[in-house]
Protein chains: 2
Amino acid sequence: VERRIRNEFYGLNLKGISPGLEYQLGSGGKRLRPALCQWLATGLGAEPSTSLPFAVAIELLHNAFLIQDDIEDGDRFRRGRATLWVEQGIPTALNVADFLIAEAFRLVAEAGAENGPLSRDLHEIFTQTFRTTVEGQALDLYWRGRSSFTVEAYEEIIRKKTGRYLAVGWVGAARLAGRERAEANAFWEIGDELGPAFQIKDDLLDLTDGKGRGGEVGCDIREGKPSILYAHALAHPGLDSGQRARLVEIHARDREKTEPQEVAWVIALYDELGVLEVARREMRKRLDHGVRKIESLAFAPPPLARQFGELAQFLVDRKV
Amino acid sequence: VERRIRNEFYGLNLKGISPGLEYQLGSGGKRLRPALCQWLATGLGAEPSTSLPFAVAIELLHNAFLIQDDIEDGDRFRRGRATLWVEQGIPTALNVADFLIAEAFRLVAEAGAENGPLSRDLHEIFTQTFRTTVEGQALDLYWRGRSSFTVEAYEEIIRKKTGRYLAVGWVGAARLAGRERAEANAFWEIGDELGPAFQIKDDLLDLTDGKGRGGEVGCDIREGKPSILYAHALAHPGLDSGQRARLVEIHARDREKTEPQEVAWVIALYDELGVLEVARREMRKRLDHGVRKIESLAFAPPPLARQFGELAQFLVDRKV
């Protein structure tokens with residue numbers, strides 16, 4: 001994946017695109033999504049080269065989303081350094097994101113090659129994921145700082161924003177490994193469990209200082225993000241009206257105007273209400289469901305299911 | 001086109017997307033690009049329903065670009081009302097643009113339907129246009145206010161930013177009407193003439209007050225846009241060093257800090273150097289070349305070529 005990205009997208013010498021493109025792609029991401037795609041395709045018996053264009057396409061779309069998300073959230077740091085819009089301005093950042101999207105669609109077509117039904121399926125899988133993720137991102141923004149936010153609304157956000165998006169590489173990999181569409185679709189359901197587990201872990205990590213966002217704790221609280229903690233706190237019968245008003249007000253306020261002691265107050269409140277524990281329990285439940293679904297796949301060889309379980313465990317044990 | 005857009009994209013009831021989507025699609029655009037696609041497809045013998053999804057896809061991509069361009073340029077008005085980012089904020093505007101792009105790609109696949117080679121061609125035509133237009137947009141930004149800007153650099157911008165983008169509907173229409181890829185490709189060359197003619201007209205119109213941008217004259221000068229007038233003025237042997245320094249400085253400065261009398265000075269300078277006339281001549285030359293290329297197409301029926309000529313003439317005679 002890394003080699004293909006470097007060969008294809010470095011040194012293009014496009015004025016106004018290349019510097020930003022190389023800055024973004026060289027920012028030391030985990031390449032988690034393409035790795036998962038390649039790993040599953042190989043595990044199901046495909047040649048790695050068969051699924052490589054699709055895996056790279058996912059990484060490109062992912063980077064386009066990161067660029068846009070950082071603009072939308074006003075995030076100035078990611079992976080320990082300045083975000084692209086801070087470094088090169090919003091206009092260039094938007095053009096680089098578009099370039100990545102255009103190239104991602106080109107690679108999706110390359111992955112399908114001359115095989116009509118496969119090509120159509122991959123295109124649909126990719127396009128549908130793109131659309132659903134954007135819908136999830138829009139919901140995420142819509143619910144910022146709203147007092148009417150609910151656990152159900154949280155479920156819809158993470159199903160759309162994280163679930164599909166984690167699974168797209170698996171569904172594509174299964175299809176590229178020659179599985180029928182219905183078999184490949186089973187991975188959407190697995191994503192619907194593991195994606196949320198992954199996102200809940202993210203929500204929890206935001207309360208620690210390990211996320212590489214310049215060491216800031218509680219970014220989600222400052223940004224008013226509709227996290228699982230915020231959803232469960234609002235739904236908690238033990239939340240009194242004064243606490244509720246303050247919690248909503250802190251989430252609704254501009255991030256620049258939120259004081260560290262207010263963030264600390266919210267975290268202490270979450271702790272007191274026990275919602276941190278509720279979130280951890282929900283995360284483990286999703287993890288279990290996901291792993292059990294994998295084990296039930298008739299076509300997946302047992303070693304693959306075991307590795308899948310280890311991987312899922314790793315995703316929720318991670319420290320960053 | 002209008003009916004399909006209304007049926008498919010109004011009333012979707014997507015939180016955080018639908019209000020912005022309907023605001024953008026309802027902003028009274030000319031629907032020029034899809035109309036040109038439908039007109040040519042029909043002229044070459046296709047059923048209008050065959051090319052409709054592709055025509056709508058182009059209109060969606062066009063609207064996504066408009067949303068992003070307005071953010072990049074800081075434009076607050078378009079078509080006589082507030083731009084989407086002004087009305088609903090940059091985050092929502094970006095999500096609506098992404099949604100439009102995702103849906104555009106879905107419609108491109110629908111246009112190709114079960115026909116593998118056609119489907120692949122349409123996808124490639126659309127994706128390549130997307131990428132090239134973004135490259136052109138990036139060049140446009142790159143050259144803002146730079147003193148080293150040349151006529152050749154202007155040519156590259158408009159070939160990439162306007163030429164391909166005007167032609168994509170024709171190339172797709174020809175392919176959808178059953179023409180071979182090589183025949184369809186002839187329309188790229190026509191776009192390479194008429195697109196620039198269209199853009200030069202835009203550059204000239206910017207110096208009048210008819211563009212619907214809140215009545216502002218000389219937006220391009222304020223934004224430091226690399227127009228044909230700026231390119232030819234810089235290349236003019238009669239430009240003295242004081243004028244050159246002032247011209248570049250006005251283009252390089254932030255738009256908010258540019259005074260109306262400075263814009264007026266630039267326009268007067270363009271007039272004095274005769275670059276307005278150079279631009280008009282270039283526009284007519286491109287128009288003639290484009291029309292002659294159309295007339296030389298063996299597969300286009302003569303009435304179609306004549307209509308094409310009238311249409312091209314209309315594009316450069318327009319007042320908005």
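**Salt bridges and the contact between chains A and B**

Me: How many salt bridges are there between chain B and chain A?
Reply: Between chain B and chain A the count is 4 salt bridges. Keep in mind that this is a predicted model.

Me: Which residue of chain A does B:Arg120 meet in a salt bridge?
Reply: B:Arg120 pairs with A:Glu114 through their side chains, at 3.6 Å from N to O.

Me: And which elements of chain B give two or more residues to the side that touches chain A?
Reply: Those are H4, helix H6 (90-112) and helix H7 (116-142) of chain B. H6(B) gives the largest share, 13 residues.

Me: What classes of residue are on that side of chain B?
Reply: It has 20 nonpolar, 7 polar and 10 charged residues.

Me: How much area is buried between the two chains?
Reply: About 3400 Å², with carbon and sulfur atoms giving 67% of that. On the chain B side, B:Lys15, B:Arg120 and B:Arg131 lose the most area to chain A, together 18% of what that side buries. The contact takes 37 residues from chain B and 37 residues from chain A.

Me: Take B:Gln68. Where is it, and is it buried or exposed?
Reply: B:Gln68 sits in helix H4 (residues 48-73) of chain B. B:Gln68 counts as buried because its relative accessibility is 1%, and the cut-off for buried is under 20%.

Me: What is B:Gln68 in contact with, leaving aside neighbours within four places in sequence?
Reply: A:Leu94 and A:Asp98 from chain A, plus B:Ala97 and B:Ile101 from chain B.

Me: Different topic. How many salt bridges over all chains?
Reply: The structure holds 71. One of them joins the side chains of B:Asp192 and B:Arg164, 3.7 Å from N to O.

Me: Why does that pair tie together separate parts of chain B?
Reply: Because B:Asp192 lies in helix H9 (residues 181-205) and B:Arg164 in helix H8 (residues 151-176), parts that are 28 residues apart in sequence. B:Asp192 is buried at 18% relative accessible area, while B:Arg164 is partly exposed at 24%.

Me: What about A:Lys285 and A:Glu282, where do they lie?
Reply: Both are in helix H14 (residues 275-295) of chain A, 3 residues apart, about one turn of the helix. A:Lys285 is partly exposed at 41% relative accessibility, and A:Glu282 is buried at 16%.

Note on methods: Residues numbered from 1 in each chain as written. Chains lettered and ligands numbered in written order. Predicted model: local features only at pLDDT ≥ 70, side-chain atom pairs only at ≥ 80, totals over all residues. Heavy atoms only, no water. Helix = DSSP H or I, 4+ residues; strand = E, 2+ residues; numbered from the N terminus. Buried < 20%, exposed > 50% of the residue type's maximum accessible area, 1.4 Å probe, protein only. Contact = heavy atoms within 4.5 Å. Buried area = accessible area lost by both parts, 1.4 Å probe. Nonpolar A, V, L, I, M, F, W, Y, C, P; charged D, E, K, R; others polar.
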